[in-house]
Amino acid sequence: MEHLGDFKLIFTDVLVEAVPFLALGVLVSFLFELFLPEDFLRRLFAGRTAAGVVVAAAAGFVFPVSEYCIVPVARKLRERGVPLPVALTLMVAGPSLSPVVVLATSVAFPNDANLVYLRFGLGFPLVVAMGLVFLLLGRGAGPAGGRDGAGGPEPAERLRAGFDGAVEDFVRMLGLLVFACLVTAGVQAFIPHELVHKVAENSALGVPAMMLLAFVTSTCSESDAFIAAAFAHFSHVSKLAFLLLGPVVDLKLVLMHFAFLPRRAAVGLLVIFPLLVVLALAVVGKFI
Amino acid sequence: MREGMRAAGPPDFSVERLLRKVVLFGYGFFLLFLFRNDVIRHFIHERYQFLTVAGALILIAFSILYSALAGPRPRKGGKGRGAAGWVLLSAFVLAPVVWGFAAPPEVQGLSDHREHSYTASFAGLAGRRDAEVLRRRGPGDVTLELPAADGSGGLEARAYTPLNLLELNVLLYSGLEDYLGDRVALRGQVAHDDDLAPDEFFLIRAVVTCCVAHADYVTAVVSAPGSEKPAEKSWVTVYGRVGEHHDVHEHGNGHGDEHDHGQPFVIEAEKIEPIGEPTDPYMGKWNRSKPFRF
């Protein structure tokens, strides 16, 4: 019975935390629909996808966006003609590199500046690498879904259609979010923590274990550093795995990716990014 | 009438549109409802609560605009969702809001104390470390008349400095030898643990870094020989002296962090006083200039 109380508490908490960001994301994507000329982004990124990936990754350091906010924005950008690798890079860069995450990580590791530098020093090239991999694999390298400027609907009609679309998107994403929160709260409330931590602590493979923990706990990127810091006897490499993967791929986000991105892109993200994290840590781990 | 322009008229009515309006308004209103009795503090850190307000206002504004704008023509090539699908989806997403209004969330602690751990990561939350706080006599000090230590039967006055568990850990982990013998007053929740000695228990407080779902705990081992251990999960104030914990199991990783059972200090209780559960069982402060809540 008391676990049911925890379930309600955690479910409400995660939902209440995420809904405002979702609303903000849908508002931003609606504003794009309203004010961004239809073929502006398509012309901007024509033949400049690789540069666009790097710029999108750098934008993550500037904009304090959460993972729930950026998914609808990335989707809208894609509809407006932004190549998929660029849209995905932006979607991943925001939660991974945002100023709020930088601050939280520096507070969580006050005696460990190296870990802070590594999180973002590795995070940036990882995000860029992911975007470039998508570009090389030819996953929608060119713009898709961008509408032609000529002969489009009247502005008033566009406003109504855009607004209706935004509301529809919000309700759909909310449905996914509610489901994802149910799963996350269930895992945290009903699965004994000792079991989860035993798997993470006793496994000889610290990196995959911490990555699994990041996926299952679905911690928001503003607090994951404190969770990682609590695993005092884990290596820096394992903690980095937790910190690098969590903002990009977790239980909640995977559901949203599959709902709002092309299926191959969602699968690609789920497979490629963790692989890149493991590869990066295999190289860097020798020097930590 | 120009081609492509919809005739002016009352907004289209449909069950789907009505339900979407209800979803928007319901969530917006629910987010504001959480500010009632300051329950919101339980879920969102004070620093981020403005986002909750912004999100609520956006949703309420959306629901009003949605009522004002006429429905568009069906989207070209869009994946249609039948009315039944929207009704089901809307009912699903509205269920938590209905549940939240029917059984409003209350401030409560998590039942599972999870990992008891202090790490250097919390030092950043405690703010500036006041190394002299246990040396100075301050207006907040609590003076108790307790049986004299020499067993003479008389009473002696002892002054205890109130600290919260986070401050205590930050101080003692910075140099335990400097504080041995100092008297402190601490508040927290009791947690029993089989790995501790029979007359020992953990005093714990939950620390919120961003939200209660990801709360973590700071602890102190309290030794209370000769007195009955307080009940698990009860709230107490412990008045005691800082001592060295001799039964230490270190799991250090060379970075100065220690696992809970490796806590090098113990609070030798001289008095334990039951107290009521605080209105907010969680600690969390980002503003380093303000004193921490006791």
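Q: What share of the contacts in chain B between residues at least 6 apart in sequence join residues at least 24 apart?
A: The share is 72%. A contact here means heavy atoms within 4.5 Å. The model is predicted: local features need pLDDT of at least 70, side-chain atom pairs count only at pLDDT 80 or more, totals for chains, interfaces and linings use all residues, and side-chain values rest on heavy atoms, with hydrogens and water left out. Residues are numbered from 1 along each chain as its sequence is written, while chains are lettered from A and ligands numbered from 1 in the order in which they are written.

Q: What makes up chain B, in helices and strands?
A: Chain B has 5 helices and 8 strands. Both are DSSP runs, numbered from the N terminus: helices are H or I with at least four residues, strands are E with at least two. Along the sequence the pattern reads α-α-α-α-β-β-α-β-β-β-β-β-β.

Q: How much accessible surface does chain B have?
A: It comes to about 14100 Å², and 55% of that belongs to carbon and sulfur atoms. Areas come from the Shrake-Rupley method with a 1.4 Å probe; for residues, only the protein chains shown count as cover.

Q: Why is R158(B) called buried?
A: Buried means under 20% relative accessible area, exposed over 50%, partly exposed in between (1.4 Å probe, protein chains only). R158(B) has 7% relative accessibility, so it counts as buried. Its place is strand β2 (residues 155–162) of chain B. In chain B as a whole, 49% of the 294 residues count as buried.

Q: What makes the pairing of R158(B) and E156(B) a polar contact?
A: A polar contact is a pair of N or O atoms within 3.5 Å; within protein, one must be able to donate a hydrogen and the other to accept it, and residues adjacent in sequence count only if both atoms are side-chain atoms. The two side chains make their contact at 2.7 Å. A polar side-chain atom of R158(B) also lies 2.8 Å from the backbone oxygen of P147(B). Beyond four places in sequence, the contacts of R158(B) include V142(B), R183(B) and E270(B).

Q: How do you know that R75(A) and E79(A) form a salt bridge?
A: The test is a side-chain nitrogen of Lys or Arg within 4 Å of a carboxyl oxygen of Asp or Glu. R75(A) and E79(A) are at 3.8 Å, N to O, so the pair passes. Both lie in helix α4 (residues 67–79) of chain A, 4 residues apart, about one turn. An α-helix has 3.6 residues a turn, so residues three or four places apart point the same way.

Q: Which other residue does R75(A) meet in a salt bridge?
A: D169(A), at 2.8 Å, N to O. This pair links distant parts of the chain, helix α8 (residues 155–190) and helix α4 of chain A, 94 residues apart. D169(A) is buried, at 8% relative accessibility, as is R75(A), at 17%. E79(A), at 26%, counts as partly exposed.

Q: How far apart are the closest N and O atoms of K76(A) and E79(A)?
A: They are 3.1 Å apart, and the two residues form a salt bridge. Shared partners join R75(A), K76(A), E79(A), D169(A) and R172(A) into one network. Over all chains, the search finds 10 salt bridges.

Q: Why are F29(B) and F101(B) called an aromatic pair, and of what kind?
A: Rings of Phe, Tyr and Trp (its six-membered ring) pair if their centres lie within 6.5 Å; planes under 30 degrees apart count as stacked, over 60 as edge-to-face and the rest as tilted. F29(B) and F101(B) are 5.7 Å centre to centre with 25° between the planes, hence stacked. F29(B) lies in helix α1 (residues 15–33) and F101(B) in helix α3 (residues 83–102) of chain B, so the pair ties together parts 72 residues apart in sequence. Ring pairs link F25(B), F29(B), F30(B), F33(B) and F101(B) into a cluster.

Q: How many aromatic pairs does the structure hold over all chains?
A: There are 13. One of them, F61(A) with F124(A), is tilted: 5.8 Å centre to centre, 35° between the planes.

Q: What makes D250(A) a cap of α13(A)?
A: A side-chain oxygen of D250(A) lies 2.8 Å from the backbone nitrogen of L253(A), at the N-terminal end of the helix. Helix α13 spans residues 251–260 of chain A, and its buried residues include L253(A), M256(A) and F260(A).
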